[in-house]
Amino acid sequence: MADWLVEEGIGEHRAVRLSGDRIVQARVEWPGRLAAGHVGDATLVSRAAGAGRGTVRFASGEEALADRLPREASEGAAIRVEVVRAAIGERGRTKLAQARPSDKAPAAPTLAERLLAEGHAAQVVHRFPECGWDELADEALDGTVAFAGGSLLFAPTPGMTVVDIDGTLRPRELALAAVQPLAEAIRRFDLGGSVGIDFPTLDAKTDRRAVDEALGTALGGWPHERTAMNGFGFVQLVARLERPSLLHLARLSRTGFAARRLLRRAERVAEPGALLLTCHPAVEAALRPEWREALARRTGREVRIAADAGLALESGFAQAVAS
């Protein structure tokens with residue numbers, strides 16, 4: 001089996017790496033947005049005099065911050081750039097994508113193509129095997145990962161993703177019990193950038209050292225830098241940031257996240273008949289006409305939508321009904 005399996009769904013491409021029937025790594029991309037590796041021609045729309053950085057606009061209308069700009073490039077000039085980081089959604093704002101000048105040929109690689117370019121074996125499949133994707137999506141929407149004796153609460157903020165560790169175990173035992181679930185969640189959520197972890201306060205240096213060592217082992221093979229735990233139980237991780245994590249996508253548009261999930265569920269309905277999608281009105285509004293058309297085309301079925309304000313955003317479901 002390939003290292004990575006990729007589903008090219010409606011409005012969302014997903015990739016997973018499995019160990020048995022469990023997801024150990026995941027990536028999600030929403031096509032139509034700029035992604036790392038995209039090379040294209042853009043227009044320089046703003047630049048302070050003498051600055052090496054400015055804003056460029058692509059033909060799609062999406063803008064990006066570009067650095068390393070040549071001195072001669074002025075506002076209104078055409079410039080070819082490569083995206084090095086996708087836009088990141090945060091509460092109340094979205095950080096623009098980042099780009100830099102490039103002499104490469106125009107390219108808009110898919111998620112599968114980027115995985116292959118990174119040296120992974122990747123295979124596009126119609127659907128993943130049973131591997132707990134819905135459970136992972138629930139964790140991303142809720143921001144909570146439970147483990148024996150406690151839980152991890154993930155909160156994306158403008159400065160970093162903060163992880164709070166809570167539970168009923170004694171502080172040392174709780175901190176050590178959280179290490180492996182934390183390392184797994186970081187990979188499953190595809191977290192990058194700055195991650196701050198609030199472990200229980202441990203007074204003894206030997207206890208803090210034990211947690212540091214366990215965390216180093218658990219995060220082995222994940223490229224990052226890390227501080228030692230301070231006297232208040234805080235540890236900071238810093239990793240390369242190229243794309244929004246599952247957590248950030250869920251925060252960027254909870255309704256969009258739920259709508260794409262509903263479309264995936266609809267494609268998996270095996271019973272014959274028309275497709276009826278039942279969802280919250282806000283999710284119905286997020287189901288773009290082109291997505292509904294794509295669902296009808298892919299499945300060869302009539303698609304109907306029923307809005308139910310009593311449903312939670314993430315509780316939409318799909319079923320077959322008589323045509």
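Modeller: Two strands are said to pair if DSSP finds at least two bridges between them, and with that in mind we can look at this model, which is a predicted one.

Colleague: What is the order of the strands in the open sheet, and what kind of pairing does it have?

Modeller: The open sheet is made of three strands in the order 19-18-20, and its pairing is mixed.

Colleague: Why do strand 19 and strand 20 stand at the edges?

Modeller: Strand 19 (303-307) and strand 20 (317-321) each have a single partner strand, so one side of each is left without a neighbour in the sheet. On average, neighbouring strands here are turned by 25 degrees against each other, with direction ignored.

Colleague: Which helix packs on the sheet, touching strand 18 and strand 20?

Modeller: That is helix 6, residues 254-267, whose direction makes about 150 degrees with that of strand 18. Helix 8, residues 289-299, lies across strand 18 and strand 19, and runs at about 135 degrees to strand 19.

Colleague: Turning to another strand, why does Thr55 count as buried?

Modeller: Thr55, which lies in strand 5 (residues 54-58), has a relative accessibility of 12%, and because buried means under 20%, Thr55 counts as buried. Leaving aside residues up to four places away in sequence, Thr55 touches several residues, among them Val45, Leu65 and Leu96.

How values were computed
Residues are numbered from 1 along each chain as its sequence is written. This is a predicted model: local features need pLDDT of at least 70, side-chain atom pairs count only at pLDDT 80 or more; totals for chains, interfaces and linings use all residues. Side-chain values use heavy atoms; hydrogens and water are left out. Helices (H or I, at least four residues) and strands (E, at least two) are DSSP runs, numbered from the N terminus. Buried means under 20% relative accessible area, exposed over 50%, partly exposed in between (1.4 Å probe, protein chains only). Contact means heavy atoms within 4.5 Å. Axes are lines fitted to C-alpha atoms, for helices over the stretch in contact, and angles run from 0 to 180 degrees between N-to-C directions.
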